[in-house]
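Welcome, and please open your viewer. We will go from one selection to the next.

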Amino acid sequence: MKWPESVTIKEVGPRDGLQNEKAWVKTEDKISWINQLSLTGLKHVEITSFVNPKWIPALADASDVVKGIQRVPGVVYTALVPNSRGLEKALEANVDEVAVFMSASQTHNRKNINKSIEDTFSVLEEVVQDALSAGKSVRGYISTVFGCPYEGLVSVENVVRISNTLFDMGIKEISLGDTIGVANPIQVQKVLEDLLRRFPAKKLAMHFHDTRGMALANILSSLDMGISTFDAAIGGLGGCPYAPGASGNVASDDLLYMLEGMGIQTGIDREKMHEAALFIQERLGKSLPSHTLQACGTDS
Ligand code: HMG
Ligand code: MG
């Protein structure tokens, strides 16, 4: 196995993490937390989503969060956007980057965004064109790449077709989501073999949820395939409320521990990440799943 010299971690805790929490985190706490994350060395933070607040009440304060944070030069602040209505608000709040999303499986797509896969393309096409015209970069998520909670295994052909369509729209990077944490390292290798025949590794990122404890193993498998961008959520927060059984993302702090131990650069200060994890753990009033955080009594 050969490893890259450096890896990019994209922090999605403030969006993927908080969207799945029942507890309301106060806007000023979200802002303080994102400000802490901005000083860790992270270069990408997904800070909220401009979806219908009836669907995701925990992020109903998206505009106030984006407008309230102190932006650190060099950090890209991203927001998740489902449609033109969301984009309008995201542009008004002046995010740096927009992330659009859809699923590789029909049923999850409908449950999550109330549309068929075909009908989603025209909605996203408009969002992407308008975001690019406004000078924003656009990232795309494909969910349920490795399995769907409603349909089971998902054909890699669906993933290829959706990736082609999204790249044709002008999206610069696609993040492949294991939404319900069902992938294993061999499956990851096989799916990536197919995708990497068509798309360069630098245009792909991986987004592993850790529902079955497979996320770090799947990241190693992806690293071995030449992928070097990974989404992660501090403390192991995360989950999609419209995918039953979906729990936290790979914990950024665990990923950081592994990469640092392997001598792979991330540019992120592990101690500062630890402080930020403790902050949100305290605000949520419950212990978070990150192993590193749980081990902090003996090893931080
Ligand atoms: P819809 O009901 O089909 O929307 O929802 P609609 O266009 O028919 O409009 C219905 C109402 O929603 C209207 O309001 C619209 O104004 C309003 P009314 O007239 O009834 O008062 N509306 C909005 N309000 C605020 N912001 C908006 C917006 N759009 C419409 N942007 C919609 C469609 C997409 C809006 C809805 O299904 C939705 O919000 N879904 C979001 C679900 C979500 O956030 N899921 C979690 C994120 S995805 C994820 O976690 C996976 C990922 O992490 C990768 C992985 O792990 O695989 C990315
Ligand atoms: Mg996710």
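Start with helix α4, which supplies the largest share of the shell around ligand 1, 3 residues. Helices here are DSSP runs (H or I, at least four residues) and strands are runs of E (at least two), numbered from the N terminus. Before going on: this is a predicted model, in which local features need pLDDT of at least 70 and side-chain atom pairs pLDDT 80 or more, while totals for chains, interfaces and linings use all residues. Residues are numbered from 1 along each chain as its sequence is written, chains are lettered from A and ligands numbered from 1 in the order written, and side-chain values use heavy atoms, without hydrogens or water.

Next, select α1 (13–17), α4 (84–93), α5 (106–113) and β5 (137–143): each gives at least two residues to the shell of ligand 1.

Now pick Q19 and S143. A side-chain N or O atom of Q19 is 2.7 Å from an oxygen of ligand 1, and one of S143 is 2.8 Å from an oxygen of the ligand; a polar contact is a pair of N or O atoms within 3.5 Å. Show the ligand surface: alone, ligand 1 exposes 1100 Å², of which the protein buries 76% (Shrake-Rupley method, 1.4 Å probe).

Finally, move to the magnesium ion (ligand 2). What coordinates the magnesium ion? D16 (OD), H207 (NE2) and H209 (NE2) do, at 2.0 to 2.3 Å; donors are N, O and S atoms within 2.8 Å of the metal (3.2 Å for Na, K and Ca), and sites may look incomplete because water is not among the atoms. D16 lies in α1 and H207 in strand β7 (residues 204–208), so this pair ties together parts 191 residues apart in sequence.

Notes. Polar contact = N/O pair within 3.5 Å; in protein donor to acceptor, adjacent residues only side chain to side chain.
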